[in-house]
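Please read it with the model open beside you.

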Amino acid sequence: MGEKADVWQGTLALMVLKTLETMGAQHGYGIARRIEQVSDNQLSLNYGTLYPALLKLEQEGAIASEWGVSENNRKAKFYKLTRAGRKQLEREAKGWEQTTAIVARFLSPAEEA
Amino acid sequence: MRKLRALWMRLRGMFAGAAAEDELSAELESHLQMHIEGNLRAGMTAEEARRQALIQLGGFEQSKQAYRERRGLPWLETLGQDLRFGMRVLRKSPGFTTIAVLTLALGIGANTTIFSIVNAVLLNPLPFPRAEQLVVLHERKPNFDHGSISYPNFLDWRQDNHTFSSMATSRGYYFSLTGAGPAEQLDGQFMTSDFFETLQVKPMLGRTFTRAEEQPGAAPVVLISQGLWQRKFGSSPDVLGKGISLEGRAYTIVGVIPASFHFSGGILPSRDVYMPMGQWANPSLTDRASGMGMRGIARLKPGVTIEQANADMERMTRDLELAYPAADKGIGAKLVPLKEQMVGDVRPFLLVLLVAVGLVLLIACVNVASLMLARSTGRMREFAVRTALGASRKRVIRQLLTESLLIAAAAGVLGLGLSVAGTHAGLKLLPEALPRGEEIGMDLHVLLFTMTVSLLAGVVFGWMPALKTSQADPQSALKEGGRGMSGIRHRAQSIFVAAEMALALVLLIGAGLMLRSLTRLWNVDPGFDPHQVLTFGYTLPPPLLHSSPDAVRAAYREFEERLTATPGVRAVSQSWGSLPMSDEDDEDMFWMAGQLKPADDSGMNWALTYVVGPNYLKLMKIPLRRGRFFNAHDDIRSPMVAVIDDAFAHKFFPNEDPIGKRIVLKSGAREVEIVGVVGHVKQWGLDTDDTYPLRAELYSPWMQAQDSFVQRAPSGISAVVQFNGSAANSSAAIRRAIGQMSNEQIIYDMQTMESLISDSLAQERFVMILLGTFAAVALLLASVGIYGVIAYVAGQRTQEIGVRMALGAQRTDVVRMVLLEGMRPALFGIVAGAVAAAGLTHFLMKMLYGVSPTDPLIFSGLALMLALVAVAACYLPARRAASVEPMQALRSE
């Protein structure tokens with residue numbers, strides 16, 4: 001179980017960073033919504049997964065947080081990308097693309113011959 | 001970098017207070033509200049919107065916990081929790097904690113002590129710069145593998161070698177210091193000029209000797225020790241250039257050697273005064289064939305191996321052999337690394353002690369382990385409840401290991417304290433024979449060792465109980481009130497009992513063998529009777545030493561007469577040259593009268609020489625085999641006579657009567673007639689004398705000593721005295737009598753012959769006492785351990801025993817049952833221990849005298865004794881178990 005969670009955490013971090021890059025500063029609920037929408041509701045996030053991931057990114061210095069007011073006038077904590085976070089996103093996105101490309105080549109039968 | 005930052009943030013996160021908790025709650029709450037609002041917008045009812053949101057977002061509290069774990073460092077927090085909890089648990093059962101800590105502290109303390117000795121003596125480098133380059137030089141000759149060096153040979157070595165950066169030789173001597181307060185005996189050393197340079201010891205004041213000062217006839221100069229400088233000169237800096245009077249001769253002080261240059265025993269003894277070799281007015285100094293008791297010290301050039309140096313020495317000694325066949329035929333050189341020379345003899349002893357003390361610690365660990373296992377039964381429910389509430393097995397093991405490590409840490413601290421105190425006390429009991437004793441103490445190595453040993457001990461004794469305890473199935477444990485586990489537990493306890501018995505037997509056998517060997521040694525007949533005999537060295541007042549030979553003889557005779565007249569003294573004899581068991585030995589070469597003088601020394605015969613008075617034989621109670629011993633008429637005007645011992649007669653006159661035979665002694669080319677044969681005396685020690693190549697002994701009367709010999713006042717002149725009553729009274733009377741003769745008359749090193757013999761066994765005794773102590777501790781721990789286990793197991797079975805007795809079992813049946821249960825693993829352990837001991841005692845072989853390392857009597861006797869101790873330890877609980885009232889046992893459910 002531990003190993004699966006790690007993979008998931010790694011990908012989740014990437015999704016969070018990408019979301020923040022696309023949308024700018026955003027609160028946890030917004031991030032979760034966005035990830036669900038982009039995944040066409042195939043992913044569903046609970047607090048226990050999302051918030052520790054956000055905390056980890058913040059501890060590593062990829063994102064920063066600040067209390068603000070939401071569009072519905074609700075107090076919420078807003079997360080935004082830092083410079084280090086932007087670099088991390090670039091690096092990890094590239095890595096991820098490479099990995100998926102390699103795995104895809106292995107899995108596609110046409111290439112075999 | 002990123003990870004480091006995260007780690008730092010998490011460390012800080014550990015101390016996040018209530019504010020952080022509130023913030024988290026607020027954030028999660030706002031998320032929930034936004035989710036609900038979203039659901040409402042999607043058209044759900046208020047109730048449904050909330051329900052769906054909660055389902056999707058998961059449990060509030062679990063989320064908070066996951067968040068908290070990310071915020072701080074959970075393992076560190078758990079460790080903190082475990083430590084706090086462990087301390088509380090240990091405080092709550094002070095009896096258990098005290099016994100466990102004390103048992104382990106004993107083991108750890110003993111280990112630390114022995115290790116601190118091993119560390120100082122064997123592991124630490126010698127206190128000289130680049131000490132690994134230092135080697136000791138000996139001359140290898142027919143009778144001595146590590147013989148003393150001839151001075152002319154040394155001078156050639158020093159000049160012709162290619163492999164040493166410097167080389168020096170030295171020789172001990174006693175000096176009488178006069179003219180500065182009461183006369184006293186000083187330890188001195190004659191040395192060549194490079195001695196301190198070779199060791200790279202710098203004088204704290206002044207300088208060392210020049211090559212010119214080393215020559216005979218140079219102006220007398222001296223280096224003094226810091227001790228003497230403080231004592232006689234009040235540490236005055238203007239001591240340089242002042243004179244001191246040694247043996248009536250004025251020496252100019254040129255330097256002070258720091259007290260940090262000191263060794264107990266070994267090849268480089270620290271001295272009060274050091275003087276150049278040329279000051280030694282001994283004609284034999286220039287005789288290439290004389291050994292003169294010198295040893296050399298040399299420093300290898302950087303990068304030169306001892307093999308290369310040996311080859312170099314080989315080349316030089318071969319050259320000398322060709323150049324001086326008369327003196328150097330068959331003479332080689334022997335190089336020994338300085339450290340090996342100093343500690344080589346004690347290494348096996350110390351390693352044996354280290355192993356033994358390790359076994360004691362193992363027994364202590366097993367004891368504590370079995371104690372913990374027994375105790376954990378009482379905590380069965382506690383762990384079952386924890387497991388039921390979700391604690392993983394790993395978590396339970398961690399908790400138990402934390403507790404054992406706490407015990408081990410406390411024991412380590414206490415053990416270290418015990419060791420520091422013990423080492424201080426023990427050093428006073430240490431034999432002088434242990435080299436580098438003054439270097440023993442605490443250092444970083446010892447601290448690291450103690451820490452490692454404590455940690456290891458904690459894991460060793462904590463592991464098995466932790467595993468066993470955590471195996472418990474919570475359901476059955478809760479249901480059965482802990483009794484379901486007894487099966488597993490008994491097996492573990494049996495292993496403990498067997499292991500303890502085995503370890504204890506190994507130690508007992510080791511100690512038993514040493515004890516037997518030592519008793520054998522004690523019962524060896526030294527060839528003389530050491531009772532009621534004492535010996536001391538002395539020198540005549542300096543002015544007398546420079547008078548005529550006859551005046552000196554008269555002075556020695558008067559000394560003897562005055563001594564004989566002292567109350568408590570029964571008989572007196574001079575003893576010049578060799579003295580049995582004392583490290584004082586002197587040799588001479590000879591050939592048979594009527595035969596040609598051998599062309600070179602290698603064709604000569606050797607004998608130990610004793611120059612004594614007529615009373616010597618009687619007061620030492622050496623048996624006279626044939627002929628006669630000396631009498632008062634054997635003096636310088638009568639025919640020269642000699643007495644030989646059994647070994648001499650056997651070697652040189654195997655099938656003839658030696659009485660009346662004549663031999664020619666090389667020193668002075670004197671022809672002497674053999675007039676008597678006496679019993680052999682063990683010159684070289686009780687154990688080693690039999691195997692020594694040089695055992696032939698030759699006695700000459702001191703009144704026939706030549707003029708040159710008498711006048712030289714040889715170092716090592718002693719008297720032996722047979723006394724009445726106590727040694728203390730007699731030695732006091734002797735000191736008084738000698739003090740009245742002259743205040744320049746010095747006596748030193750007064751000792752009874754009995755203590756001389758017991759000193760020669762100091763090392764063996766030291767090992768035997770320590771091994772014996774360890775074995776006694778092991779026996780105590782093991783018997784307490786087996787008693788504890790059996791008592792505990794029997795206690796657990798009280799109800800079962802009650803049922804058995806209710807069903808008609810007799811008390812004797814119960815006793816037999818419990819006894820057998822304990823004795824089965826104990827006997828198994830004893831057999832295993834005997835097998836292990838048979839393998840291990842092999843390493844003791846070299847230390848044993850007259851007893852085989854697998855001595856069947858020792859093995860069977862100690863195994864039987866241990867078995868009896870085990871029976872006794874099992875019998876008490878067995879009887880208690882059998883005295884159970886069946887009804888009461890059953891009711892106690």
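**Notes on the nonpolar cores and the two chains**

1. The largest nonpolar core has 115 residues, and those that touch the most other members are B:V360, B:L505, B:L507 and B:A778. A nonpolar core here is a set of buried Ala, Val, Leu, Ile, Met, Phe, Trp, Tyr and Cys residues joined through C-beta atoms within 7 Å. A residue is buried if 20 or more other C-beta atoms lie within 10 Å of its own, exposed if 12 or fewer, and partly exposed in between, with C-beta atoms placed from the backbone. The main contributor to this core is helix α13 (residues 347-378) of chain B, which gives 19 residues. Helices (H or I, at least four residues) and strands (E, at least two) are DSSP runs, numbered from the N terminus.

2. The model is predicted, and local features need pLDDT of at least 70, side-chain atom pairs count only at pLDDT 80 or more, while totals for chains, interfaces and linings use all residues. Residues are numbered from 1 along each chain as its sequence is written, and chains are lettered from A and ligands numbered from 1 in the order in which they are written.

3. Which residues does B:A778 touch, not counting residues up to four places away in sequence? They are B:L359, B:V360, B:I363, B:L503, B:A504 and B:L507. Two residues are in contact if their C-beta atoms, placed from the backbone, lie within 7 Å. There is also a second, separate core of 57 residues, with B:Y556, B:I674, B:L698 and B:A719 among them. In soluble globular proteins, nonpolar side chains tend to be buried together.

4. B:A837 sits in helix α28 (residues 811-840) of chain B. Is B:A837 buried or exposed? B:A837 counts as buried, because it has 26 C-beta neighbours inside 10 Å. Beyond its neighbours within four places in sequence, B:A837 is in contact with B:L505, B:V506 and B:I509. B:A837 and B:F859 are 22 residues apart in sequence, and their C-alpha atoms are 8.6 Å apart in space.

5. Chain B has 30 helices and 22 strands. Its radius of gyration is 39 Å, well over the 29 Å that the globule rule gives for 893 residues, so chain B is more spread out than a compact globule. The radius is taken over C-alpha atoms, and the rule is 2.2 Å times the number of residues to the power 0.38. Along the principal axes, the C-alpha atoms of chain B fill a box of roughly 135 × 75 × 55 Å. Of the 893 residues in chain B, 41% are buried. Among contacts in chain B with a separation of 6 or more, 83% join residues 24 or more positions apart.

6. Chain A has 4 helices and 3 strands, in the order α-β-α-α-β-β-α along the sequence. Of its 113 residues, 30% count as buried. In helix α2 (residues 28-38) of chain A, the buried residues include A:G28, A:Y29 and A:G30. After α2(A) comes A:D40, with a positive phi near 60 degrees.

7. How many residues does each chain give to the contact between chain B and chain A? Chain B gives 22 residues and chain A gives 19 residues. On the side of chain B, the elements giving two or more residues are α1 (2-13), α2 (18-41), α3 (46-57) and α4 (60-71). The largest share, 8 residues, comes from α2(B). By class, this side has 7 nonpolar, 8 polar and 7 charged residues. Ala, Val, Leu, Ile, Met, Phe, Trp, Tyr, Cys and Pro count as nonpolar, Asp, Glu, Lys and Arg as charged, and the others, Gly among them, as polar.

8. B:R130 lies in the loop between α6 (94-123) and β1 (134-141) of chain B. Phi of B:R130 is positive, near 40 degrees, although the residue is not glycine. B:R130 is exposed, because 12 other C-beta atoms lie within 10 Å.
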